Amino acid sequence: MRFEDLLLEIGGFGRFQILILAVLCLLRINLPMHFLLHNFLAATPSHHCAIPHQEAFVNLTMEEVLLISIPRKPDGTFSSCEMFSQPQFHLLLNSSLQPENKSIIQHCQHGWVYDHSQFTSTISTQWDLVCEQRGLNQATATFFFIGVTMGAMVFGYLSDRFGRKTMLQLSLVCSVVFGMLSAASVSYTMLAITRTLTGVALSGISLIVVPLGMEWVDVQHRTFTGILTSIFWSVGNMLLALAAYLVREWHWLLVAVTGPCLLSIVCLWWVPESARWLIAKGKVKQAHRHLLRCARINGRKDFDVSPETLTRMATDKNMGGSYSYISLFRTPVLRKISLCSGVVWFGVAFSYYGMSMNLTGFGLNIYLSQFVFGIIEIPAKMVMYLLVNRVGRRQSQAWTLILTGLCIGANIVIPKPFTSLCSAVAIMAKGFSEAAFTTVYLYTSELYPTILRQNGMGYTSFMARLGGALAPLVFLLDEAWRSLPEVTYCGVAVCSGAVAFLLPETLNVRLPEGIEDIE
């Protein structure tokens, strides 16, 4: 007897599974509110050098004070990082005569003045992370994703060893603790450390929620489960836009996005451990108890299976051994799956976060961009629900990534004055990118056997977070060539999409339990 046969007897998608998914979807909402928080936490409002002795210019308007104190850029706007060493009063007579003597232009000497019309405060304005310090501002996102990368390896291994639910509880508690410490940061160093640790903690939620839900449902509802939990990522995306719009001060914004984790901790107590995992580890008494509970809630009162039957299931598959990340590369088919899926996950995350953290580059208000990027993901996921069941996981994964790259590439050649067209193509790219992300969670959960599923998810999540950590740093390449970041995102998305064609198809295939099922 296989576990799928047991699910058919107790109800593979009844009230029990719906309640589990409701709680897991609540947990999923927490993720984008932190993963994409950098857009608002580290937003850089318009700014210019602070002008000393400004009270001496009482007879001049603010525009005139800026004219004689701040040089203009070629596009006519005032420089954000430079100032004149001495006031240039002759510019009041003819503002088009910009000084040719570059020696009178210097970097800001007295700090910066920020436009607070959109943000009360951000970490950029708090610690002047602009101009020469701009790299530190982008690095806060990188630090967070480095934490998520480390957490992926830790929680992937521990959840296969100690259980899905236990590690999910630990992840939520640590997320609350480090999230609140981040909000209380009094220095950039403290913020960088606490955001890194928050990333480590949240990685457990990211890794475990989807596989835990899928391990409780039957084959026919696996796709629905993966898409449903993914839709609640998009809901969190939109809620982040609302929270950031209402809370403009970065300390309190961190509190606002961390608070929902407390509710998640309370709700998680009802969710049972994965019966698949319990059987694989030989903990048949606990598995038997959860299966009986599932059957009772689903109204299958005639269900009756003995613990001895569950013991034979574990023994027949020899699933109680010890496995690690090395096991992902020991056998030929698993090795190919691991190498290819790692490349695909890197490409998915690299392109997704590259677009998601460039909200000001598409001609829309930053809050509207965040909301639109969230809402466009929902129809994209609904389309994917149909596609992955008709054309299969492999084709869906490959083509969504390739189309993401092509849309990013198209925006490079579209003239900048066509802002509406640029925005439309960017929204299409975001839709394809989210479709690729939705598919990869579902696909990867089906590729790996139960005994290695969380190790596999941990490894692929490590690759994804590596992509997420590098994505914000690529923005700094615009100093070499303005379009170089977009070219990079485009190339990586297309190449990783091509690699997806090398993976096996999993449509309507039972979840593998042991390594021999894969090989």
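Analyst: Searching the whole structure, which is a predicted model, turns up two disulfides. Let's take the one formed by C49 and C108, with sulfur atoms 1.8 Å apart. The C49–C108 link is left-handed, at -65 degrees about the S-S bond. What does the pair tie together? C49 sits in strand 1 (residues 47-49), while C108 is in the loop between strand 3 (105-107) and strand 4 (112-114), so the link joins parts that are 59 residues apart in sequence.

Now for the surroundings. The protein splits into domain 1 (1-37 + 132-319), domain 2 (47-114) and domain 3 (320-518). Between domain 2 and domain 3, the C-alpha centres are 45 Å apart.

In the model, residues 224-246 are 100% helix and 0% strand, with 33 Å between the end C-alpha atoms. Residues 337-355 also come out as 100% helix and 0% strand, and there the end C-alpha atoms are 27 Å apart.

There's a helix pair to look at too: helix 8 (residues 188-214) and helix 19 (residues 419-447) have axes that come within 10 Å and cross at roughly 65 degrees. That crossing of helix 8 and helix 19 is right-handed. Helix 8 contributes S206, V210, P211 and M214 to the contact, and helix 19 contributes Y441, L442, S445 and E446. By type, the residues of this helix 8–helix 19 contact are five nonpolar, two polar and one charged.

Technical notes: Residues numbered from 1 in each chain as written. Predicted model: local features only at pLDDT ≥ 70, side-chain atom pairs only at ≥ 80, totals over all residues. Heavy atoms only, no water. Axes fitted to C-alpha atoms, helices over the stretch in contact; angles between N-to-C directions. Helix = DSSP H or I, 4+ residues; strand = E, 2+ residues; numbered from the N terminus. Left-handed = near helix turned anticlockwise from the far one by under 90°. Contact = heavy atoms within 4.5 Å. Nonpolar A, V, L, I, M, F, W, Y, C, P; charged D, E, K, R; others polar. Domains from an automatic or database assignment. Disulfide = S-S within 2.5 Å.
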